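Visitor: I have a model to look at, and some labels to question. Can we take them one by one?

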Amino acid sequence: MSQALVKALSRLVEVYPDSVAGSRMTPSQKKQLEAFNHKTRCVQITPKGRGVVYRIQDMDVAAVELERLAPEQHVSSSVPQRTVNIASTRSSKQGYTALDVSYVLAKTVANPLWEVSGVPTEHLNAATEAFGVFSLEVGGERNSHLHTEHSIWLVENQALFDRLDWLPNNEPTTVIWYRGQLHNKLIDWLSVPERAPIVYFFADYDGVGLNNYRRLKEKLTERAEFWMMPNWKAFLLRYGQNQLWVDTARDFVSFERNSQKLLAQSSELRELVTEMQKHGLALEQEVIWLNEQ
């Protein structure tokens with residue numbers, strides 16, 4: 001199903017019986033239109049000047065094809081975008097697919113202070129106490145005025161979210177599980193300076209984890225910190241994994257290429273990157289509990 005053809009045919013239908021200059025269409029639209037015309041002969045293509053103009057010469061065929069590709073192009077703006085996509089492309093995944101909000105799971109530790117527009121709220125602590133976890137909506141107006149005077153931790157894997165005995169201290173904090181890929185909406189939500197004084201980032205020591213940190217650091221600057229687990233160098237050499245290194249090598253290269261300034265500012269992170277590269281190893285964050293062995 002070609003959105004380029006839908007747009008090209010729609011434009012021709014709108015101006016019918018007039019024509020549209022080829023210069024007003026994208027290369028993809030012209031290619032799709034010419035392929036469609038090769039099968040149906042319903043579009044007249046006429047040389048004009050240094051280019052060509054397109055004009056529908058069989059409206060019935062064009063209308064049937066447009067109906068097949070896009071059953072309904074005039075949908076109320078009040079319905080969700082993916083509903084609009086189904087109406088106009090028959091697929092929710094065609095067209096604009098980004099959702100307005102995203103959701104993350106979080107839990108509080110030791111009753112951190114959260115405020116809404118400067119007014120203290122116990123809702124997050126109460127939800128953690130009652131249910132063990134709460135869901136946080138980010139990306140919309142809801143929670144845009146929510147902020148804390150304590151730290152926030154971002155963890156990649158569920159085991160680190162299920163058990164919090166790995167935390168380095170008992171200070172009040174909030175832990176968010178971001179499930180492997182750090183969503184742009186979460187980064188944007190955290191980037192508000194008043195959101196939290198510091199955001200600790202704890203991920204697998206691999207290309208994906210490093211790249212996620214780079215994206216976070218670009219937005220939060222000095223408020224984001226990559227957490228180095230105790231004994232990380234010994235862990236890397238003893239428990240590091242070559243296959244994980246290989247699987248995330250492209251992300252590692254991307255991180256290194258785009259993080260020269262960041263690496264120059266952090267000697268410890270630079271050392272980690274050097275050791276990973278030297279040995280061809282990556283390290284999963286669940287190794288943290290082997291500190292107790």
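Guide: Start with a definition. A nonpolar core is a set of buried Ala, Val, Leu, Ile, Met, Phe, Trp, Tyr and Cys residues joined through side-chain atoms within 4.5 Å. Keep in mind that this model is predicted.

Visitor: What makes the largest nonpolar core, and which residues have the most contacts inside it?

Guide: The largest core has 61 residues. Those with the most contacts inside it are Leu154, Trp166, Leu186, Phe202, Tyr205, Leu216 and Met229.

Visitor: What does Leu216 touch, leaving out residues up to four places away in sequence?

Guide: Contact means heavy atoms within 4.5 Å. On that count Leu216 touches Leu154, Leu182, Ile187, Leu190, Val199, Phe201, Thr221 and Ala224.

Visitor: Which residues belong to another core, apart from the largest one?

Guide: That other core has 17 residues, among them Val6, Leu33, Tyr54 and Leu66.

Visitor: How much of the chain is buried?

Guide: Buried means under 20% relative accessible area. Of the 293 residues in the chain, 43% are buried.

Visitor: What is the secondary structure of the chain?

Guide: The chain has 13 helices and twelve strands.

Visitor: Why is the chain called more spread out than a compact globule?

Guide: Set the value against the rule. For 293 residues the globule rule gives 19 Å. The radius of gyration is 27 Å, well over that, so the chain is more spread out than a compact globule. Along its principal axes, the C-alpha trace spans about 80 × 50 × 30 Å.

Visitor: How far apart are the mean positions of the positive and negative charges?

Guide: They are 11 Å apart, for 32 positive and 35 negative charges.

Methods: Residues are numbered from 1 along each chain as its sequence is written. This is a predicted model: local features need pLDDT of at least 70, side-chain atom pairs count only at pLDDT 80 or more; totals for chains, interfaces and linings use all residues. Side-chain values use heavy atoms; hydrogens and water are left out. Helices (H or I, at least four residues) and strands (E, at least two) are DSSP runs, numbered from the N terminus. The radius of gyration is taken over C-alpha atoms; the globule rule is 2.2 Å times the number of residues to the power 0.38. Buried means under 20% relative accessible area, exposed over 50%, partly exposed in between (1.4 Å probe, protein chains only). Lys and Arg count as positive and Asp and Glu as negative; His and the chain ends are not counted. The place of a charge is taken as NZ of Lys, CZ of Arg, CG of Asp or CD of Glu.
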